[in-house]
Amino acid sequence: MQLTAVVLNAGLGELSIGLEQSGFKITAAYESDEKARSIYELNMNMVIEPLPLEEIDAKSVPEADLLAASDNWFSSAGADGLCCGNSSGTWQEF
């Protein structure tokens with residue numbers, strides 16, 4: 001049986017790629033930044049949900065073996081608008 005994962009704050013897909021290489025099937029991903037979503041969709045060959053992290057209804061997230069969240073600088077969830085090295089604050093929101 002293949003393990004499944006849902007990725008929050010998915011960024012460009014780097015976390016999802018690593019999870020897939022580790023044997024997980026990504027069943028859903030969420031990212032609020034439009035540019036990041038476009039790149040994610042190219043990298044992962046799947047549609048990503050365009051919802052900001054704070055607007056995701058936990059009841060609507062598909063059941064999965066792993067709920068993963070990237071704390072990357074590219075995501076706008078909690079970001080201060082600066083680049084490189086500024087965490088998005090995902091860990092504070094959950």
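A crossing of two helices is called left-handed if the near helix is turned anticlockwise from the far one by less than a right angle, and right-handed if clockwise. Here, H1 and H2 cross in the right-handed sense. Keep in mind that this is a predicted model, where local features need pLDDT of at least 70, side-chain atom pairs count only at pLDDT 80 or more, and totals for chains, interfaces and linings use all residues. Residues are numbered from 1 along each chain as its sequence is written, and side-chain values use heavy atoms, without hydrogens or water.

So how do the two helices sit? H1 covers residues 14–21 and H2 residues 34–44, with an angle of about 20° between them and their axes 10 Å apart. That makes them roughly parallel (angles under 35 degrees). Ser16, Ile17 and Glu20 of H1 meet Tyr40, Asn43 and Met44 of H2, contact meaning heavy atoms within 4.5 Å.

Now look at the largest nonpolar core, which has twelve residues, including Val7, Leu19, Ile26, Tyr40 and Met44. A core like this is a set of buried residues (under 20% relative accessible area) joined through side-chain atoms within 4.5 Å. Strand S1 (4–8), strand S2 (25–29) and H2 each supply at least two of its residues. Ile26 touches Ala5, Val7, Ser16, Leu19, Glu20, Tyr40, Met44 and Met46, leaving aside residues up to four places away in sequence.

Finally, two asparagines. Most residues other than glycine have a negative phi. Asn9, in the loop between S1 and H1, has a positive phi of about 55° and is buried at 3% relative accessibility. Asn45 also has a positive phi of about 55°, but is exposed (over 50%) at 72%.

How values were computed:
Axes are lines fitted to C-alpha atoms, for helices over the stretch in contact, and angles run from 0 to 180 degrees between N-to-C directions. Helices (H or I, at least four residues) and strands (E, at least two) are DSSP runs, numbered from the N terminus. Angles under 35 degrees count as roughly parallel, over 145 as roughly antiparallel, 65 to 115 as roughly perpendicular and the rest as oblique. Buried means under 20% relative accessible area, exposed over 50%, partly exposed in between (1.4 Å probe, protein chains only).
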